[in-house]
Structure formats: structure tokens, C-alpha cells
Amino acid sequence: MRRLTSVFGGAAEPPKGGNPDSNTLISDMTTVICLDDYHSLDRTGRKEKGVTALDPRANDFDLMYEQVKALKSGIAVEKPIYNHVTGLLDAPELIQPPKILVIEGLHPM
């Protein structure tokens with residue numbers, strides 16, 4: 001994703017002043033949103049419920065839809081963060097609408 005965003009200009013980095021473990025990448029023209037951030041269950045919660053991260057019951061697709069729609073409409077969102085290091089759901093981060101929005105993950109397919 002870093003290479004893809006560099007095609008459109010600027011180095012891709014996590015949001016300034018935000019969580020260093022963020023999955024979001026922001027460059028001059030693009031924002032990459034990792035759909036893993038829309039997990040509704042942390043690692044322990046998935047284990048307790050006997051589901052994987054790919055199970056629709058472990059994801060908040062409604063929130064994902066609403067936030068992508070808002071960003072496309074020019075509205076900033078407080079996007080959740082799934083922390084791959086700890087397996088926990090971290091505090092959300094403010095994402096401003098970009099010129100180019102890249103959605104990374106398996107679920108859009």
C-alpha cells in the first residue's frame with residue numbers, strides 16, 4: 001500500500017499525532033483504510049465466540065459502509081482501530097476525507 005500511495009504523491013504515514021499502531025496510511029493525495037479496523041470483536045472476543053476475523057459476525061460492516069460513504073461525501077469520520085500488535089480495539093482516530101480513498105481488505109471483494 002505504501003508503494004501504491006506513493007504513485008499519487010507523498011510518503012504514506014500513519015495519521016500525524018495519532019496511534020503509531022494505526023493501520024491507516026495517509027499521503028498527500030490518498031488515505032488507505034484497512035478494513036481490519038472494522039472488526040467488532042477483539043482477538044479474545046473472537047476466540048470466546050468461536051469465530052475468525054473473516055466471519056461477518058466479527059465485523060461491523062454497517063459502520064464500514066457509513067464511514068466510507070461519509071468520506072466520499074467529504075465528511076470526516078472517527079474510524080475505529082484494530083491493533084494487530086495487541087489484538088485489541090484501540091480508540092478511534094479522526095480521518096479527513098481524502099482526494100483518493102483506497103480500501104484495503106478482503107471483505108470488499
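**Ground rules.** I worked from a predicted model, where local features need pLDDT of at least 70, side-chain atom pairs count only at pLDDT 80 or more, and totals for chains, interfaces and linings use all residues. Residues are numbered from 1 along each chain as its sequence is written, and side-chain values use heavy atoms, with hydrogens and water left out.

**Strand β2.** I looked up β2, residues 30-34. Strands are DSSP E runs of at least two residues, and helices are H or I runs of at least four, both numbered from the N terminus. Five of the five β2 residues are buried, so the strand is largely enclosed by the rest of the structure. Buried means under 20% relative accessible area, exposed over 50%, partly exposed in between (1.4 Å probe, protein chains only). I checked both faces: Thr-30, Val-32 and Cys-34 cover one side, Thr-31 and Ile-33 the other.

**Its partners.** Two strands pair if DSSP finds at least two bridges between them. β1 (residues 25-26) runs antiparallel to β2 over two bridges. I found Leu-25 opposite Val-32. A three-residue hairpin links β1 to β2. With β5 (residues 100-104), β2 pairs in the parallel sense over five bridges. There, Cys-34 has Glu-104 as its bridge partner.

**Core.** I then listed the largest nonpolar core, which has nine residues, among them Ile-33, Tyr-38, Val-68 and Ile-95. Such a core is a set of buried Ala, Val, Leu, Ile, Met, Phe, Trp, Tyr and Cys residues joined through side-chain atoms within 4.5 Å. Helix α3 (residues 61-72) gives the largest share, four residues. Leaving out residues up to four places away in sequence, Val-68 touches Leu-101 and Ile-103; contact means heavy atoms within 4.5 Å.
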